[in-house]
Amino acid sequence: MSIFNYHLAHFIASAPGIHHLPADTGIEIAFVGRSNAGKSSAINACTNQKNLARTSKMPGCTQFINLFQLSEGYRIVDLPGYGYSNAPVVVQRKRKTIVTNYLKNRQSLKGLLILMDIRNPLKDLDQQMIMSAIECNIAVLVLLTKADKLNYQKCITQLHTVRQVTKIFSNIIQVQIFSAEKKIGIDKLRQQLDYWYNSVFTVRQVKL
Ligand SMILES: Nc1nc2c(ncn2[C@@H]2O[C@H](COP(=O)(O)OP(=O)(O)OP(=O)(O)O)[C@@H](O)[C@H]2O)c(=O)[nH]1
Ligand SMILES: [Mg+2]
């Protein structure tokens, strides 16, 4: 049983950058990853809502920081995707800057979901995101998304590979399989959110 009724999550704000976000109090848990990795779909699956976060077949759908509230002071954050190579370079840079600024400066950020397509995980920008999270001392759960696209054995192989690569940071990084489509890994995701929302945190040390 979850401590929250995730189904009650509702949209509260959309911000083009960190200076436009609501007050930096309470606890935020954010979803990041390459464009099209399935961030918005994962938020919808987790909250058991069809259209809470906007999804699209076209990469680059989420351009702003979108915030959803579970209850007062407890928020889920949908961040713009990085690494969409068809977007102009300035747009790509801007999105990456929005995400890294958010990671480095947002004190209420207590947990990070890094989403990677299970067929193609650990691209350069994913690894950079992992390193940024480690530098900022933020706990990470990697979700290997779209697991319905591979058979079980291949999913397990990919899971082992990503766990192996991130093993040296296993105190801060966990990895699991996920599918919004086939509802795989949703209970575990909610458990992790419950844990982060419930934990007592000290102010994190941010190395800039
Ligand atoms: N087969 C399958 N498709 C998925 C899954 N999750 C997401 N998709 C599809 O992948 C595409 C992108 O999903 P989004 O949730 O919009 O991805 P996003 O990471 O939010 O993308 P941006 O906002 O552009 O960064 C959509 O066509 C989804 O239907 C999944 O678990 N399985
Ligand atoms: Mg999105």
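**Conventions.** I worked on a predicted model in which local features need pLDDT of at least 70, side-chain atom pairs count only at pLDDT 80 or more, and totals for chains, interfaces and linings use all residues. Residues are numbered from 1 along each chain as its sequence is written, chains are lettered from A and ligands numbered from 1 in the order in which they are written, and side-chain values use heavy atoms, with hydrogens and water left out.

Entry 1: I began with the empty space, since rolling a probe the size of a water molecule over the atoms shows where it is left. A pocket here is an open set of points, on a 1 Å grid over the protein atoms alone, where a 1.4 Å probe fits and protein lies on both sides within 12 Å along at least five of seven lines; lining residues have an atom within 4 Å of a point. I found 31 residues in its lining, of which Gly38, Ser40, Ser41, Thr55 and Ala180 are the closest to the centre. I then sorted the lining by type, with Ala, Val, Leu, Ile, Met, Phe, Trp, Tyr, Cys and Pro as nonpolar, Asp, Glu, Lys and Arg as charged, and the others, Gly among them, as polar. The division came out as seven nonpolar, 15 polar and nine charged residues.

**Entry 2: helix α1.** Which helix gives the most to the lining of the largest pocket? It is α1, residues 39–47, with five residues; helices (H or I, at least four residues) and strands (E, at least two) are DSSP runs numbered from the N terminus. I next checked burial, taking buried as under 20% relative accessible area, exposed as over 50% and partly exposed as in between, with a 1.4 Å probe and protein chains only. Eight of the nine residues of α1 are buried, among them Lys39, Ser40, Asn44 and Cys46. Their cover, counted by contact (heavy atoms within 4.5 Å), includes β2 (27–33), β3 (65–71), β4 (74–78), β5 (109–117) and α5 (186–198).

Entry 3: Two strands pair if DSSP finds at least two bridges between them. β5 and β6 pair in the parallel sense over seven bridges, with leucine 113 opposite leucine 141 in β6, and the unit that β5 and β6 make with helix α3 (residues 124–135) is a right-handed β-α-β one. Right-handed means that, with the strands pointing away from the viewer, the path from the first strand over the helix to the second runs clockwise. On the other pairing of β6 (residues 139–145), I counted five parallel bridges to β7; leucine 141 stands opposite glutamine 174, and the chain passes from β6 through helix α4 (residues 152–165) to β7 in a right-handed crossover. Valine 140 has isoleucine 173 of β7 as its bridge partner. Six of the seven residues of β6 are buried, and four of the five residues of β7 (residues 173–177) are buried, so β7 is largely enclosed by the rest of the structure.

Entry 4: Leucine 144, in β6, is buried at 0% relative accessibility, and its contacts beyond four places in sequence include Met116, Leu159, Val162, Val175 and Phe178. Proline 80, in the loop between β4 and α2 (89–105), is likewise buried, with a relative accessible area of 0%. The C-alpha atoms of proline 80 and isoleucine 98 are 8.0 Å apart, and proline 80 also touches Lys39 and Phe64, among others. Serine 35, between β2 and α1, is buried at 13% and touches residues including Pro59, Tyr82 and Arg95.

**Entry 5: two lysines with positive phi.** Lysine 146 has a phi of about 60°; it sits in the loop between β6 and α4 and is partly exposed at 23%. Lysine 183 has a phi of about 55°; it sits in the loop between β7 and α5 and counts as exposed at 53%.
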